[in-house]
Amino acid sequence: MKPAAFEYCRPDTVEEAIALLAEFGGDANVLAGGMSLGAMLNMRLARPAALVDIKRIPGFDAVSVNGEARTGATLTQARALEHTALMRAVPLLGLALPWTGHFQTRNRGTLAGSVAHADPSAETPLVLATLDGEVELASARGTRRLRAREFFVDVMTTAREPDELVTALIWPKAGAATRHAFAEIAQRHGDFAIVACAVAAEVDASGRLRALSLGLGGVESRPLVADTAAFLGERADRALAGAIAAAAAERVDPLNDHKASADYRRALVRTLGAQVLAQAFKTDS
Amino acid sequence: MQRIKPDARVTVTLEVDGRTRRGTAEPRTLLSDFIRHELGLYGTHVGCEHGVCGACTVMVDGRAVRSCVQFAVECDGAALRTVEGLAENGELNILQRAFRRHHALQCGFCTAGILMSTTDFLARCPDPTEAEVRDMLSGHLCRCTGYQTIVAAILDAAAELRATTKPSKGERP
């Protein structure tokens, strides 16, 4: 349970960090909090030639909230939860983060690290995809922004090129009328979700569903956003929540692994999905 | 920029429980191994060594974290707090006394980590509910106690800390 030897690199600037990634040509891992990478290194599931520790790049943990919220690459989950303006701008993140790992891992684990790692059951990638947020990537070739829905490709596989560094996450600000809910089922609290549901819903004054995003984590190999367009304009009540979740459960192609069978995951999409949707639809939430 | 070759040993300097301590580490030396083997502080225990069990939890720059999933070189210059730093003038502190009073340990392997998490937790959340304590404890595995006595000790310590440290806000237990 000790890592294989690696070169340790601690760049002082983003430019130095991306030059290192280019130099090692895909054989370097970016080290932020290390809450996922550390375990993989210890178990030698990862054996990179080098680690590029980005934690001491000045200002790389900054948060800005203007027309959209932007969280820097080394912002920890704990500091995100403590950031009042960020939590107000992106309430769904505030609902999801308490489900992420534990107090002790949130103290060190980062939002962007979780996104770059792309575990299909992780909360932060799910919230970013549900809200249609973006990932900012930098390399010597320049900076680009990619929608989260295109960034996540497969289990622990993203559209990031080997020489690219995730420099920030971009979160759309929640509208005043948008309601949110989040819940997941895991074997124990803090474990990886078997199924996680994230909902952002807008219900108009007459009680009809105006906009909806239903995100499902842990179900397929990447965070999934269900197609719910057919339900817009319907009365947002418990029956509609059940119908939307049942339709989503029909369409998913769930993972089948040691944690849960595909059938169980499908059943959770139906039942947990209905509960979380109903919670978001409630007028007092 | 700092670069350390895979087989190089470098000096790592930390402030540990208020004292400057130095040792040498390779890039791959885990912070937990550095604390035990280089600094000789065996109070920090190593359980699963992949960030799950919480036994190795210490405070780095004021936050409780797993020391087995970070590297000593990452922490160069950081301020550490370990279980060895909890006692005051050779006397158990309030939290440690509450653990003893409530029999909140049997074999004691998980205890150092839980004490360090709780030290951070109570500084941020001085008046926790039982549910909040249990949520914080979800990051630790204890196979002896069933957690009941640990929860009781932490709630008791929190009450005592509130009673004794009322005027000074933000002080750590």
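## Where the strands meet

Gln2(B), in β1(B), is the bridge partner of Arg10(A). The two strands involved, β1 (residues 7–10) of chain A and β1(B), run antiparallel and are joined by three bridges; strands pair if DSSP finds at least two bridges between them. Strands (E, at least two residues) and helices (H or I, at least four) are DSSP runs numbered from the N terminus.

A word on the model: it is predicted, so local features need pLDDT of at least 70 and side-chain atom pairs count only at pLDDT 80 or more, while totals for chains, interfaces and linings use all residues. Residues are numbered from 1 along each chain as its sequence is written, and chains are lettered from A and ligands numbered from 1 in the order in which they are written.

## Contact between the chains

Chain A brings 29 residues to the contact and chain B brings 28, where contact requires C-beta atoms, placed from the backbone, to lie within 7 Å. On the chain B side, β1 (2–4), β5 and α3 (111–124) each supply at least two residues. The largest share, four residues, comes from β5(B).

That side of chain B divides into 10 nonpolar, nine polar and nine charged residues. Here Ala, Val, Leu, Ile, Met, Phe, Trp, Tyr, Cys and Pro count as nonpolar, Asp, Glu, Lys and Arg as charged, and the others, Gly among them, as polar.

## Two domains in chain B

Chain B is assigned domain 1 (10–85) and domain 2 (94–164), with bounds from an automatic or database domain assignment. Their C-alpha centres lie 21 Å apart.

In chain B, 15 residues of domain 1 are in contact with 12 residues of domain 2. On the domain 1 side, β4 (57–60) and β5 (63–66) of chain B are the elements giving two or more residues, and β4(B) gives the most, with three.

Conventions
Two residues are in contact if their C-beta atoms, placed from the backbone, lie within 7 Å.
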